[in-house]
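Here are a few friendly notes to read with the structure open beside you. Take them one at a time and find each element as you go.

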Amino acid sequence: MSAPVTPPATAATQAAPPPPETVTVKVNGKTVQVPKTMPNWQGKPEATTMLQAARCAGVDIPHYCYHDKLPVAGNCRMCLVEFGTPMIGPDRKPVLNEDGSPKIARSVLPYEPGTPRGAIACATPISPGMEIYADSPATKQMREAVLESLLINHPLDCPICDQAGECKLQEYSVQHGQAESRFVEAKVHKPKAVDLGPRIILDDERCVLCTRCIRFTKDIVNDDALGIVNRGSYNTISAFPGKTFDNNYTLNTVDLCPVGALTSKDFRFKMRVWFLKETASVCTTCGTGCNTTIGSREGVVHRLEPRANDAVNGPWMCDTGRLNYKWIARADRLKEVRVGGRKSTWSTALREITAKLSTAPAGSVAIVASARQTNEELFLLKRLATKLGAITDSIAREGEPDRLLVSGDRNPNSTGARLTGVSFTEAGIQLPKIAAGIASGTIRSLIVFGEDVTQHGIDASLLAKLDMLVVSDILPNATTEAATHLLPGAAAPEKRGTFVNVKGRLQKFHKAVEAPGDARPEIEFLQELADAVAGPTGTSTIEGLFNRMTADIPAFGGVQWSAVGDTGVTLSL
Amino acid sequence: MSTKVVERKPLSAWERSYIPSFLGGLGVTWNHFKRTAPFLGNKPITMEYPEQKWVVPEGYRGAPYLVKDQEGATKCVSCQLCEFVCPPKAIRITPPGENGQPADRANAEKMPREFEINMLRCIFCGLCQEVCPEEAIFLQKDYSLTGTSREEMVYNKEKLLKLGGTHAGIQKWKHKLEEAEAQESFPVATEPQKHSH
Amino acid sequence: MDFFQNLDPAVQFFIFSAVKIGVVFGVTMSFVAYSVLVERKVSAWIQDRVGPNRTSPPIAQFIPILGPFLTRLGIFQPMADGLKFLLKEDFTPNYVRLAYFWLAPAIAVIPAFLTLAVIPFGSTLGNPDNKMVIADLDVGILYTFGIVSLGVYGIVLAGYAANSKYPFLGGIRSTAQMISYEIAMGMSVVSVFLLVGDLNLSKVIEYQAHGGWLVFKQPLAFFIFLVAAFAETNRLPFDLPESESELVGGYHTEYSSMKFALFFLGEYANMIASSAMMVTLFFGGWTLPFLGEPASGLLGGLLHIGIFVAKMAAFMILFIWVRWMFPRFRYDQLMDLGWRRFIPLALANILVTALVVAFVNR
Ligand code: SF4
Ligand code: SF4
Ligand code: SF4
Ligand code: SF4
Ligand code: FES
């Protein structure tokens, strides 16, 4: 994670924060200093637990119910560890060994001092001098026992379970489990393939009852939809009667569920996870810009998952954004370069456009860009516009915001469009002017990127008046129909670039799959066009272009491409 | 590791003249010639292939085919482990997807929409059989696979199932279903169903 | 016949030579083709296999017993092989030195046939003037050596022209090997000519017809000549120029189709030429101990040719058999054998022969 860019002036005026109070503990014999408190699921400081201390020492303690961003429940017992605390003598002084080191009392059962007693690492706070034995024989025995008990009624459906390959039960069974089952009775059977909500399927047999799903739905989404019914071995996750599990965040429970109990209907039986190539990307559905991981195989996107970024989305994302990828594979994607309605080639189309634009009188060209385009594309369009003296604008998209992630701005890069100067304080205010210009005949050429302008006041009859209508888009619409030059573009998973979200977070995304047919990332042909019309930028890479842009536009603060990590940097706007 | 030093005896002058080895070679080649050549021994060990056929031994690793269970149902559940393990990437499976056809037996939930093995790529290693958790794919006794085009050598699900025949097994999914039905307390769905209380 | 007798002697000679050339060439070619078959069959039998036994033209099925029998013997295999060589794609890699690449196979095959010109493969046919040798040169053996040493250029050129490492190494090995063994070979025959007192190969045969086969008088020379012949023809155990295990195919790695066939042809034609040389020099040519006089009739002439061909065939079988008996020599062993054993031996042999000749003739 890269550090947010803070303006140097403010940094100097602030006093350095006091060093955090630390506690010294030993994890597997290694001494570590850990902060006395750590942020809890809501970000409030709380006493550091053994599990967090072990993480600081680089030791991962197996766990199911614990999750950084959920309240601690401590119900799965997977995180049991043996530990020791310094002995205190009757004089309230530490008892010392011969060599002067403090004597450690191992945790034992109070009534049976020979038997080690574990504590759940996720909920037990550390104390000074504590020793955590994360892989002592007793700890291992406890883990084995917990796993064995979890597997008693587990169906072992792995061949037909979508979780296989990323299942914690599988992983821990490999690491700490036993090869054979000692259980000879019939397993308890529970409902399978239950339709829990519009996007979720529940297999109760696979559930380990960690309650992560319940806590998430209740405490994060504030939707009391899930609970446990029945008793003992028959404990079953269920939607409460009369409640439907259909909030806009249900698919996060699929990620949270450590096993294959909750699975996504969308991803159900679609592809095994071990085939998926993971690409860091950013959701384009609203201005929040949740970080995502695209799972693709051989050029086909199979799923999106949230990628943790505390500065933007934490570990979550909304269902709308998560499912907003299917149009990428639509059969009617624009795949051909078209000039005058006929299939053509990139070189012909670009040559004609360049010729036309180079001789266009100032003010006779207008550009409608999209706030779904990347900063680099918008920057190039703005260069073109400056050279041609063209009016530019983009189009606003509004929706209902929610209290968790979804932003009212449904464009991923409205901030970028403003910063690059393509749109003004409010997107869309220039559109009537463009329409009037076309009507009066002063605007002879229109360049449209990724928007259907017929829906926004420039209807087909106006478009028919133009000499040249250059349209770049991904899917067909009325504007692409009218284009004299149609340039097929690429969807976000098919290209690289950056967006700036509504809060000024500059974020990178990467290419996961290839664009279909002749379609090319816009940056490639825009670069050619801008270089030919407005003079060379002196760079041909996206990195170079980005650095050029951040140097030219003060709001970007000169940040270099290499300094923008996969979680982005915050711009001071 | 201990090293054993093998003593190299220097060759005698007689041996170095190549004559004994020449005579030895002559002896060996003559004996074989005598045994094999027509009109002398006429006993070649060659098996005259298309006329004479070989008895394929047990455990032979021939072409991998999909098998059905004793009730004629597809055993493969499209877990794609074989596709993953296959060293030359000969196997290609199209999973059923969210709205795909469910398995042709109760309780197994899914089966592949398409299952292709490119027999030109297959190296008959047997890893697919080894890895299959459902005992659905077996290397059988076919060793002479021919075709007149590359496409023809890509065997699809239908062909693989037809060639594979039946392999009786424990029918674990059926067994699970029966167990659940015996417990009566929970309905077991073979298709996604609404949760009832 | 009258018509022929009436022609000008020069024209007669011309026609007669042309016929001899044609016949010798044709016979040699079929000899090559069938040596390949024999090689495949013999090797098969030595290795307990059957060898070629399937190829047959469609008509062979209609001949009752003989057809299947010949098919099983593989009689039609060489025809199929020849056809295949002709029809296969002639592939030329695009990095070769083109002119040399095309020249090399020709250079490899021509000298092998040229040496056959001076071999007397029979006494006379019909007429005492019709000597059964294409060119009855007085310097026969010198001609042979001159021509044979040209053969190496084909191989060297092939190695160079292919412009790739294995052919190149093969070519280099071949040069070294040929040069080394040519010396031994040349020296071994010096003693023969000391005895005969003439370089004309017909005279050598004449000498043997009366004085007994030279193999008994010069066993050492024969032995050296034999081994050197293996080395000169690149046959196992001396096939280092094309050793498959190290050099893929040696100098002809990059060749295919008919060009490859020419190298193949060259190798077998060389074997035939060497066999013919050995028969002529050491085994009395077309003579048998009791059949030494030039034939007077047509029948006798044919019998002599038959004797010659039979002796040659025996040598061919030897060539083939040895291939399956011996592993390949190591390169240093090969050189050691040539330079440190055979050349001194051949020199000593010359010395001893010279002394004996000097004493006997005094
Ligand atoms: S939840 Fe995990 S262990 Fe259970 S069936 Fe699914 S993959 Fe297998
Ligand atoms: S469904 Fe998954 S997340 Fe929910 S309690 Fe069961 S195992 Fe935990
Ligand atoms: S036998 Fe080996 S190569 Fe052939 S399909 Fe199975 S895993 Fe692949
Ligand atoms: S054949 Fe076996 S391993 Fe392969 S997909 Fe089917 S069930 Fe899985
Ligand atoms: S992780 Fe600690 S009890 Fe579940």
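1. How many helices and strands does chain A have? In this predicted model, chain A has 15 helices and 28 strands.

2. Start with the overall dimensions. The C-alpha trace of chain A spans about 95 × 60 × 40 Å along its principal axes. Of the 573 residues in chain A, 55% are buried. The chain exposes about 24400 Å², and carbon and sulfur atoms supply 55% of that area.

3. Next, look at contacts along the chain. Taking contacts in chain A between residues at least 6 apart in sequence, 66% join residues at least 24 apart.

4. Now the charges. Chain A carries 63 positive and 61 negative charges, and their mean positions are 1 Å apart.

5. Seven strands of chain A form an open sheet with mixed pairing, in the order β20-β19-β25-β24-β23-β21-β22. Strands β20 (342–344) and β22 (391–393) of chain A each have a single partner strand, so one side of each lacks a neighbour in the sheet. From one strand to the next, the twist averages 15 degrees.

6. Zoom in on one pair in that sheet. Strand β21 (residues 365–368) of chain A pairs with β22(A) in the parallel sense over three bridges. Here Ile367(A) stands opposite Thr392(A) in β22(A).

7. Finally, which helices pack on this sheet? Helix α9 (residues 375–388) of chain A touches β21, β22 and β23 of chain A, and its direction makes about 160 degrees with that of β21(A). Helix α8 (residues 346–358) of chain A lies across β19, β20, β21, β23, β24 and β25 of chain A, running at about 130 degrees to β25(A).

Technical notes: Residues numbered from 1 in each chain as written. Chains lettered and ligands numbered in written order. Predicted model: local features only at pLDDT ≥ 70, side-chain atom pairs only at ≥ 80, totals over all residues. Heavy atoms only, no water. Helix = DSSP H or I, 4+ residues; strand = E, 2+ residues; numbered from the N terminus. Buried < 20%, exposed > 50% of the residue type's maximum accessible area, 1.4 Å probe, protein only. Contact = heavy atoms within 4.5 Å. Areas by Shrake-Rupley, 256 points an atom, 1.4 Å probe, with all protein chains shown as cover. Lys, Arg positive; Asp, Glu negative; His and termini not counted. Charge placed at Lys NZ, Arg CZ, Asp CG, Glu CD. Pairing = 2+ DSSP bridges. Axes fitted to C-alpha atoms, helices over the stretch in contact; angles between N-to-C directions.
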